[in-house]
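Me: Before I look at any detail, I would like to learn how to read domains, pockets and cores in a model such as this one. Could you take me through them one feature at a time?

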Amino acid sequence: MKTITNASEILQGLAKLYPDAKCALEHENPYQLLVATVLSAQTTDKRVNTITPELFRRYPNPEMLSQAVPDELESLVRPLGFGARRSKQLLGLAAKLEKEYNGKVPQTRKELKTLPGVGQKTANVVLGNCFNHPAITVDTHVGRLTRRFGWTKETKPDAAERDLEKIIPQPQWTIACHRIIEHGRNVCHSQKPACNTCKIAPYCPQIGV
Ligand code: SF4
């Protein structure tokens, strides 16, 4: 069976397939990406992108968001489900950014994780995409594909992240995750991975498929 010696071949293959892979959540600054990533819990990036243009038009910064009327905010985020909970979370997030971080998104994982709704994954998305701090983001695609690659056996994101940090070269952490996510969306689907036509099949042990 092929093992993690396949890492550089797979990473190179993905780089050829998805040279311009990037974060699928539309954003123009760290505040927008932070809010969009918090909203992406239990829904898809695509759905988040349908509501964020209006959300950011009405509340372009943490100060404006912290002053939002809860009912109005709730109706804006309702299409994502859990409207009341999401509204409350965003109000808490904005208030804390205003009160403790002077309205700026902090640039360390430790500080980011003090914000309501922000865990390891969200902190890593913001660090990797806004602050040039390479970070591995283990979402459903990255978890599934890297288990199929044989890079981890872990199903818990934090544990998988530790394994992947040893396999993917650090400068590539952020971009490699974007490429793996693209491959998960396009080819290596959860239910029916298209192994027969997959360009990286020669290097993939297809574990569990
Ligand atoms: S589609 Fe198959 S061959 Fe391609 S990455 Fe997924 S499991 Fe591996």
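Reply: Please keep in mind that this is a predicted model.

Me: Which domains does the domain assignment of the chain give, and what separates their centres?

Reply: The assignment gives domain 1, made of 4–22 together with 135–203, and domain 2, which covers 30–130. Taken over C-alpha atoms, the centres of domain 1 and domain 2 are separated by 27 Å. In the contact between them, eleven residues come from domain 1 and eight residues from domain 2.

Me: Which residues line the second largest pocket?

Reply: The second largest pocket, with a volume of about 160 Å³, is lined by Ala24, Glu26, Thr44, Asp45, Lys46, Asn49 and Arg185. Helix α3 (residues 45–58) gives the most to this lining, with three residues, and by class the lining divides into one nonpolar, two polar and four charged residues.

Me: How many cavities of 30 Å³ or more does a search of the whole structure find, and what lines the largest cavity?

Reply: The search finds one cavity of that size, and about 100 Å³ of space lies in the largest cavity. The largest cavity is lined by 14 residues, of which Cys188, Cys195, Cys198, Cys204 and Gln206 lie nearest its centre. By class, the lining of the largest cavity divides into eleven nonpolar, two polar and one charged.

Me: How should I read a nonpolar core, and which residues have the most contacts inside the largest one?

Reply: The general idea is that nonpolar side chains tend to be buried together in soluble globular proteins. In this structure the largest nonpolar core has 35 residues, and those with the most contacts inside it are Leu34, Val35, Leu39, Leu55, Leu90, Leu93 and Leu112. Helices α2 (30–39), α3, α5 (70–77), α6 (83–101) and α8 each supply at least two residues of this core, and α2 gives the most, with seven residues. A second, separate core of 27 residues includes Ala21, Val142, Ala176 and Cys188.

Me: What is Leu55 in contact with, leaving aside its neighbours within four places in sequence?

Reply: With those neighbours set aside, Leu55 is in contact with Val35, Leu39, Leu73, Leu76, Val77 and Leu90.

Me: Is Ser87 buried or exposed?

Reply: Ser87, which is found in helix α6, counts as buried because its relative accessible area is 3%, and the cut-off for buried is under 20%. Beyond its neighbours within four places in sequence, Ser87 is in contact with Pro70, Leu73, Glu74 and Val77.

Me: Where is His189, and which residues is it in contact with beyond its sequence neighbours?

Reply: His189 lies in the segment after α11 and, at 32% relative accessibility, counts as partly exposed. Leaving aside neighbours within four places in sequence, His189 is in contact with Arg144, Arg148 and Gly184. His189 and Leu145 are 44 residues apart in sequence and 8.9 Å apart in space, C-alpha to C-alpha.

Me: How far apart in sequence and in space are Arg162 and Asn186?

Reply: Arg162 and Asn186 are 24 residues apart in sequence and 26 Å apart in space, C-alpha to C-alpha. Arg162 itself has its place in helix α10 (residues 157–167) and is partly exposed, with a relative accessible area of 38%.

Terms used: Residues numbered from 1 in each chain as written. Predicted model: local features only at pLDDT ≥ 70, side-chain atom pairs only at ≥ 80, totals over all residues. Heavy atoms only, no water. 1 Å grid on protein atoms, 1.4 Å probe; cavity = no way out; pocket = protein on both sides within 12 Å on 5 of 7 lines; lining within 4 Å. Points joined across faces, edges and corners; volume = space filled by probe spheres on them. Helix = DSSP H or I, 4+ residues; strand = E, 2+ residues; numbered from the N terminus. Nonpolar A, V, L, I, M, F, W, Y, C, P; charged D, E, K, R; others polar. Core = buried A, V, L, I, M, F, W, Y, C linked by side-chain atoms within 4.5 Å. Buried < 20%, exposed > 50% of the residue type's maximum accessible area, 1.4 Å probe, protein only. Contact = heavy atoms within 4.5 Å. Domains from an automatic or database assignment.
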